[in-house]
Amino acid sequence: MKQAPVHLVNLIEPIVEGLGYECVGIDYHPHPKHGLLRIYIDSPDGILVDDCSKVSHQISGVLDVEDPIPDNYQLEVSSPGTERPFFHVHQFEQFIGSTVLVNVYHAIAGRKKITGVIEKVVDDIITLREAGQIFEVPFDAMSKARLVPDYLIEKGGRHGK
């Protein structure tokens with residue numbers, strides 16, 4: 001799963017957790033002029049705009065002092081939302097029984113996108129069931145994974161085909 005470089009994760013996660021939030025994950029898309037650093041936060045009570053602002057203010061100050069990113073970038077702090085991204089194996093364990101959309105680097109059974117229900121997680125293998133077919137997907141084979149909200153499932157959206 002693609003995640004921000006380790007030095008950014010090691011700098012940002014303790015700040016987020018120190019403020020009392022869960023650091024769901026960090027996306028970093030470098031670009032000389034239009035880079036993006038997006039930090040997903042969560043809490044048992046949910047996330048409000050004030051929470052994002054508080055975390056953004058703290059992280060911005062540390063990033064200004066530490067200067068870990070040489071190019072220009074935009075900082076975004078967000079809740080994971082209904083289409084929650086996954087960054088770690090344990091996040092799949094938390095959502096067993098839920099539907100996810102998984103993109104893989106190399107096709108598995110001829111598929112690069114799989115939308116399926118999380119059946120189980122053993123070590124780093126996530127077992128997904130889609131329309132009676134079982135896919136065993138190694139976590140390291142995933143380029144991206146997101147929760148599929150119930151309202152999209154009911155409408156027939158987010159096919160992995």
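Which residues are buried in helix 2? They are D51, C52, V55, I59 and L63. Buried means under 20% relative accessible area, exposed over 50% and partly exposed in between, with a 1.4 Å probe and protein chains only.

## Basis

This is a predicted model: local features need pLDDT of at least 70, side-chain atom pairs count only at pLDDT 80 or more, and totals for chains, interfaces and linings use all residues. Residues are numbered from 1 along each chain as its sequence is written, and side-chain values use heavy atoms, without hydrogens and water.

Helices (H or I, at least four residues) and strands (E, at least two) are DSSP runs, numbered from the N terminus.

## Helix 2

The buried residues of helix 2 are D51, C52, V55, I59 and L63. They cover an arc of only 85 degrees around the axis, so they sit on the same side of helix 2. The arc is that of the directions from the helix axis to the C-beta atoms. The buried residues pack against helix 1 (6-18), strand 2 and strand 3 (73-78). Contact means heavy atoms within 4.5 Å.

The face turned away carries the exposed residues V49, D50, H57, D64 and V65. D67 follows helix 2 and has a positive phi, near 50 degrees.

## The loop before it

D45 lies in the loop between strand 2 (35-42) and helix 2 (49-66). D45 counts as exposed because its relative accessibility is 77%.

Five strands form an open antiparallel sheet, in the order 7-6-5-4-8. Strand 7 (133-138) and strand 8 (142-147) are the edges, each pairing on one side only. Two strands pair if DSSP finds at least two bridges between them.

Strand 4 (residues 99-108) and strand 5 (residues 111-122) run antiparallel, joined by six bridges. L101 has T115 of strand 5 as its bridge partner.
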